[in-house]
Amino acid sequence: MSLNYARLLEGKKVLITSGAHGMGFAIAKIFVKHGADVAVCGRSPSGADSEAELRKTSPDSFFFKCDVSVPEQLDAFCAEALSRFGYVDVIVNNVGINMREPSPSISYDKYDLVQDTNFKPIIRINNNLLPTLIKQGRPGSLIHISTVHAIATVPLMGSYVASKGAMGGMNRLLAVELGRYGIRSNVVAPGGIYTGPGYNMVVDWMKENPGKSYKQEVVANMPADPLHGDGSLSGGSGRAEDIAHACLFFASDMSSYISGMHLMVDGGASYQAHKVREMIWPENYEEMVREFRMSFPYPEPGDAIIENTSYKNPMMPPPVKS
């Protein structure tokens with residue numbers, strides 16, 4: 001097998017859920033750089049800007065406004081991808097939401113929303129896209145974005161852990177069932193990644209304090225972070241690009257004989273005992289959020305700012321400013 005390491009995905013047709021920002025957009029950007037055409041979906045109003053950026057490299061790439069928890073919208077996204085591309089041979093299941101609740105009082109409504117968003121779309125996307133791939137006799141790669149919490153977690157993660165644990169089991173089944181068709185299935189499990197609400201909170205502060213450094217003005221005056229152990233490679237959060245690089249490996253022929261793998265991309269954090277004290281819900285929630293945000297790296301004045309709106313879910317507690 002001869003590989004062009006500068007264009008590892010030449011000719012690949014890719015579908016990515018939640019690709020308008022964050023990890024999904026980082027994956028999309030590196031995929032088009034390596035020759036793929038990419039269909040991304042999401043609810044974020046930044047999708048049009050993301051599409052324009054992707055099309056600078058891949059004119060056939062596109063964004064489709066879609067809530068993956070709504071079956072009809074997800075079906076329409078898959079149909080649009082097939083209409084434009086003819087087939088999809090790489091699927092990245094990237095969507096993930098969390099509802100933090102103690103296990104004895106998990107809400108069925110919130111649990112169902114987490115499953116409808118995090119896990120069920122995998123089945124529906126496969127139903128929509130894999131028959132065409134199998135009929136054409138084309139190889140393929142399924143990549144599922146899980147979490148360190150599927151292996152080593154903290155309190156209040158019941159619904160999230162259940163959805164991502166189910167993803168791990170489905171991944172192994174897909175590897176067994178689809179191998180005969182040349183279709184691989186693998187999981188990428190991120191640790192703490194610098195995207196989302198933590199970034200938005202810092203951006204809000206920077207807008208209110210132009211020209212000042214959040215790290216010097218705020219972080220320097222905070223007490224040491226008690227929530228995270230210090231044994232991981234990064235000491236806290238990785239980059240979205242770290243996840244994108246792992247996905248590039250699984251999407252390309254570099255991993256042509258790998259299927260059913262569960263790859264931890266967490267700086268080694270899952271191999272240490274979590275440094276977590278007992279938390280009471282909901283009294284300590286604001287403190288927990290503040291301390292979690294202390295682990296993020298911070299943008300400085302002049303850095304490019306991309307607002308992520310995905311956290312604005314009416315069922316989620318709002319971001320808390322420190």
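Colleague: At what angle do the axes of helix α3 and helix α5 cross?

Modeller: Two packed helices are described by the angle between their axes and the distance between the axes. Here the axes of α3 (residues 71–85) and α5 (residues 120–136) come within 10 Å and cross at roughly 30°. Axes are lines fitted to C-alpha atoms, for helices over the stretch in contact, and angles run from 0 to 180 degrees between N-to-C directions. Angles under 35 degrees count as roughly parallel, so α3 and α5 are roughly parallel to each other.

Keep in mind that this is a predicted model: local features need pLDDT of at least 70, side-chain atom pairs count only at pLDDT 80 or more, and totals for chains, interfaces and linings use all residues. Numbering starts from 1 along each chain as its sequence is written, and side-chain values use heavy atoms, with hydrogens and water left out.

Colleague: Which residues of α3 and α5 make the contact?

Modeller: Contact means heavy atoms within 4.5 Å. From α3 you have Pro71, Leu74, Asp75, Cys78 and Leu82, and from α5 Pro121, Arg124, Ile125, Asn128, Leu129 and Thr132.

Colleague: Now strand β1: are its faces covered or open?

Modeller: Strands are DSSP runs (E, at least two residues), and helices are too (H or I, at least four). Buried means under 20% relative accessible area with a 1.4 Å probe, protein chains only. In β1 (residues 13–16), both faces are covered: Lys13 and Leu15 are buried on one side, Val14 and Ile16 on the other.

Colleague: And in which sense does β1 pair with β2?

Modeller: Strands pair if DSSP finds at least two bridges between them. β1 and β2 (residues 37–42) pair in the parallel sense over 4 bridges, and Leu15 stands opposite Ala39 in β2.

Key. Angles under 35 degrees count as roughly parallel, over 145 as roughly antiparallel, 65 to 115 as roughly perpendicular and the rest as oblique. Buried means under 20% relative accessible area, exposed over 50%, partly exposed in between (1.4 Å probe, protein chains only).
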